[in-house]
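Opened a new page for this one.

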Amino acid sequence: MTETIQTGGSTQTDEAVRYLRDVLRIDTTNPPGNETEAAQYLAEVLRRDGYDPIVRESAPGRGNVVARYPGTGALPPLLLYGHMDVVMAEPQRWTLAPFSGEVADGCIWGRGALDMKSLVVQELMVMLMLRRRGVRLRRDVIFAATADEEVGGRAGMGFLVDHHRSLVQAEYGLSEGGGTTMYVAGKALYDVRTAEKGTCRFRLRALGRPGHGSVPRADTAVTKAAEAVLALQRARFPFRATPTVDAFFKELCRALSLPPDMHALDEHNFDRVMQILPADLAHYLHAITHDTVVPTGLRAGRKINVIPGEADVFVDGRYLPGQTAGEFLGEVRGILGPGYEIESTDMSEPLEDPPGDPLFQTIRSVMHRYAPGSIVAPIMLAGATDAKHVARMGTRCLGFGPLRVAEGFPLEHLIHGHDERIPIEGFAWGIDVLHDIVSEFCA
Ligand SMILES: [Zn+2]
């Protein structure tokens with residue numbers, strides 16, 4: 001199945017493909033991560049082009065690499081960042097070995113080919129291009145490839161923000177979370193991540209009277225925990241439209257050529273449009289217009305003939321911008337009623353960049369050159385990225401990893417799935433797109 005690389009003969013593409021294949025061959029499955037080897041590799045590439053990269057480990061093996069292209073300093077820096085760690089792969093379910101970096105069917109294969117060693121290499125290429133061309137910029141451009149994003153980023157971007165802030169302090173940050181072609185009614189749509197939901201994971205504990213399994217009771221801890229799971233599953237949080245989703249919805253309606261009276265985002269129009277969307281997209285839009293709670297774990301009882309005194313439910317909660325975690329948990333308590341202890345285990349604040357942001361405008365104008373006729377729309381991520389750490393510096397974080405894919409390419413099944421791979425042509429196209437975004441925004 002392996003073929004020789006066909007890249008259209010561009011040396012820039014050949015170079016980028018070589019770097020991506022090399023980086024994919026470094027197993028950075030997190031845990032444990034082992035990102036230092038990848039950080040050293042990227043540092044060596046940067047060094048060959050005259051950069052003076054800095055590698056900082058948060059713990060042995062957990063390396064992060066930072067490099068800076070200096071501008072005049074007239075404006076504050078732009079941070080191009082990305083994570084080098086990947087989620088685990090099940091090799092027996094893959095067509096090609098997940099850490100082989102093989103090229104086949106016009107794609108580069110490997111765990112991290114989409115999420116997100118490809119964007120790290122695209123950013124690396126932009127750094128090399130800026131320096132080779134000697135571009136004069138008003139902003140510094142900072143490159144940061146980090147560890148640990150897949151497990152929360154504390155050993156990666158969180159570590160840099162907490163302990164080496166001067167290396168990554170920037171007005172703007174650009175990373176993953178958008179930029180791949182979506183198709184709506186045959187039209188290409190590119191999303192720019194300008195918002196993220198907040199995370200509020202919690203442990204919910206039900207208490208009850210312990211006892212012998214031979215004597216039934218009505219309200220054991222286990223029964224109460226099961227009732228809580230059902231209550232959360234059936235809960236309907238209110239529909240809420242933030243400015244990001246409002247802007248996305250209007251672009252979506254344009255793509256679908258819907259009459260103008262449907263473009264106003266209210267619950268009624270939202271429900272009407274959801275009916276005509278592919279199920280996956282409708283599902284996603286539901287998640288970014290509602291707070292959500294998903295029970296993902298249960299723990300109770302140690303012995304089958306003992307009624308336990310407590311039972312725990314683990315819940316992945318996500319809430320929309322414009323409210324606090326405390327308000328969100330208040331809603332959860334209202335759903336559950338009394339009799340439960342709630343302890344939050346993992347939190348991150350929601351983010352939302354105001355519409356009309358200058359970096360968004362630059363992305364849109366560059367995209368109109370590279371993908372004429374396509375729609376460029378802001379979107380909210382239902383999950384969270386390392387932007388949660390970067391935003392702690394007051395940085396405005398957008399997500400746009402330009403990648404052009406053909407209609408039908410099964411992108412959403414490949415990210416964190418089997419046979420992850422990236423089309424070479426669309427990956428190479430994205431390098432030029434990203435270069436122009438960076439150089440125009442920082443000029
Ligand atoms: Zn990622």
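Domain bounds here come from an automatic or database domain assignment. This is a predicted model, which I keep in mind throughout.

**Domains.** I looked up how the chain is divided: domain 1 covers 11-177 + 385-442, and domain 2 covers 195-348. I then checked the spacing, and the centres of domain 1 and domain 2, taken over C-alpha atoms, are separated by 32 Å.

**Helix 11 against helix 14.** Next I picked a helix pair. Helix 11 runs over residues 358-370 and helix 14 over residues 424-442; they pack at about 135°, and their axes are 9 Å apart. Angles over 145 would count as roughly antiparallel and 65 to 115 as roughly perpendicular, so I put helix 11 and helix 14 down as oblique to each other. The crossing of helix 11 past helix 14 is right-handed.

Which residues meet there? From helix 11 I noted Leu359, Thr362, Ile363, Val366 and Tyr370, and from helix 14 Val433, Asp436, Ile437, Glu440 and Phe441. By class, this contact of helix 11 with helix 14 has 7 nonpolar, 1 polar and 2 charged residues.

**Cis peptides.** I went looking for these in the loops. One joins Pro31 and Pro32, with omega about 5°. Pro32 lies in the loop between helix 1 (11-24) and helix 2 (36-48). Another cis peptide bond joins Asp115 and Met116, where omega is about -15°. I found Met116 in the loop between strand 5 (107-109) and helix 3 (117-133).

**Positive phi.** Ser257 is not a glycine, yet its phi is positive, about 55°. I placed Ser257 in the loop between helix 7 (243-255) and helix 8. Is Ser257 buried or exposed? I get 8 C-beta neighbours inside 10 Å, so Ser257 counts as exposed.

Asp419 also went on the list: a positive phi of about 55° without being a glycine. Asp419 sits in the loop between helix 13 (411-414) and strand 19 (421-423). Asp419 has 18 C-beta neighbours inside 10 Å, so I logged it as partly exposed; buried would take 20 or more.

**Glu267.** Last stop was helix 8 (residues 267-276), where Glu267 has its place. Glu267 has 12 other C-beta atoms within 10 Å, and since exposed means 12 or fewer, I call Glu267 exposed. I also checked Glu267 against Ala241: they are 26 residues apart in sequence and 8.7 Å apart in space, C-alpha to C-alpha.

Terms used:
Residues numbered from 1 in each chain as written. Predicted model: local features only at pLDDT ≥ 70, side-chain atom pairs only at ≥ 80, totals over all residues. Axes fitted to C-alpha atoms, helices over the stretch in contact; angles between N-to-C directions. Helix = DSSP H or I, 4+ residues; strand = E, 2+ residues; numbered from the N terminus. Parallel < 35°, antiparallel > 145°, perpendicular 65-115°, else oblique. Left-handed = near helix turned anticlockwise from the far one by under 90°. Contact = placed C-beta atoms within 7 Å. Nonpolar A, V, L, I, M, F, W, Y, C, P; charged D, E, K, R; others polar.
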